[in-house]
Amino acid sequence: MKILVAIGIILLLAVLIYNTLVSRRNQCDNIFASIDALLKKRYNLIPNLVTLMKESMRYERDLLERVTQLRAKAMRPNLTPEEKIAIADELTQPLHGLMVAVENYPELKANEQIMQLMRSLNEIEEQIAAARRAYNQAVTDYNNARQMFPSSLIAAWFRFQPKELFEIPETERKNIDIKELLKS
């Protein structure tokens with residue numbers, strides 16, 4: 001009888017650990033979906049912004065083209081989460097350059113449509129940053145649960161794969177050189 005109780009307790013613990021791992025993995029996926037939705041919102045703003053800025057920003061044509069190319073790359077179907085993260089990271093720097101460049105053009109700063117789009121873009125960037133923090137916390141919790149004993153046994157048995165953090169690219173960790181941003 002004691003053996004059956006011990007086996008029952010072990011099975012119950014295994015089920016609880018398995019359910020915890022599934023719950024944490026799903027939380028990561030859910031937060032990543034939020035990031036994905038915010039990135040889509042960001043990509044939808046870009047064509048309007050580029051169209052409005054094109055005439056006034058003749059000297060930053062390369063920057064506008066770079067933003068447009070990255071947006072087109074990001075809108076391709078069937079991208080993996082890792083590819084989405086890489087493109088989002090790649091687009092962040094030119095977008096920040098665009099925001100800085102607007103400051104150099106008084107006619108752009110006077111255009112209410114552009115300023116409204118810039119405010120929307122800033123708001124989305126802040127939401128993306130907050131969602132990234134939430135995602136990284138969820139991934140850390142999931143990876144910790146996956147690697148710690150005894151849940152590591154269940155994770156290995158059911159092949160729970162590690163998830164990658166949404167990290168800031170090395171280029172964004174450096175001090176910003178505005179002249180260099182405008183050249184790219």
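Helices (H or I, at least four residues) and strands (E, at least two) are DSSP runs, numbered from the N terminus. This is a predicted model, in which local features need pLDDT of at least 70 and side-chain atom pairs count only at pLDDT 80 or more, while totals for chains, interfaces and linings use all residues. Residues are numbered from 1 along each chain as its sequence is written, and side-chain values use heavy atoms, with hydrogens and water left out. The protein chain has eight helices and zero strands.

**Fold and burial**
- Read from the N terminus, the order of elements is α-α-α-α-α-α-α-α.
- Of the 184 residues in the protein chain, 35% are buried (under 20% relative accessible area; exposed is over 50%, partly exposed in between; 1.4 Å probe, protein chains only).
- Contacts (heavy atoms within 4.5 Å) between residues at least 6 apart in sequence join residues at least 24 apart in 77% of cases.

**Surface**
- The protein chain exposes about 11,700 Å², with 56% supplied by carbon and sulfur atoms (Shrake-Rupley method, 1.4 Å probe; for residues, only the protein chains shown count as cover).
- M1, L4, V5, I9, L12, L13 and L16 make a nonpolar surface patch of about 770 Å².
- Patch residues have over 30% relative accessible area and no salt bridge; like charges are joined within 9 Å, and nonpolar side chains (Val, Leu, Ile, Met, Phe, Trp, Tyr) within 5 Å.
- I9 lies in helix α1 (residues 2-54) and is partly exposed, at 48% relative accessible area.

**Second largest pocket**
- The volume of the second largest pocket is about 250 Å³ (the space filled by probe spheres set on grid points, which are joined across faces, edges and corners).
- Its lining has 13 residues, of which D29, P81, E82, Y135 and K163 are the closest to the centre.
- On a 1 Å grid over the protein atoms alone, a pocket is an open set of points where a 1.4 Å probe fits, with protein on both sides within 12 Å along at least five of seven lines; lining residues have an atom within 4 Å of a point.
- Helices α1, α3 (81-102) and α5 (112-147) each supply at least two lining residues, and α1 gives the most, with four.

**Salt bridges**
- There are seven salt bridges (a side-chain nitrogen of Lys or Arg within 4 Å of a carboxyl oxygen of Asp or Glu).
- E90 and R66 form one at 2.5 Å, N to O; E90 is in helix α3 and R66 in helix α2 (residues 61-74), 24 residues apart.
- K73 and E90 form another at 3.5 Å, N to O, linking helix α2 to helix α3 across 17 residues.
- R119 and E112 are paired at 2.8 Å, N to O.
- Shared partners join R66, K73 and E90 into one network.
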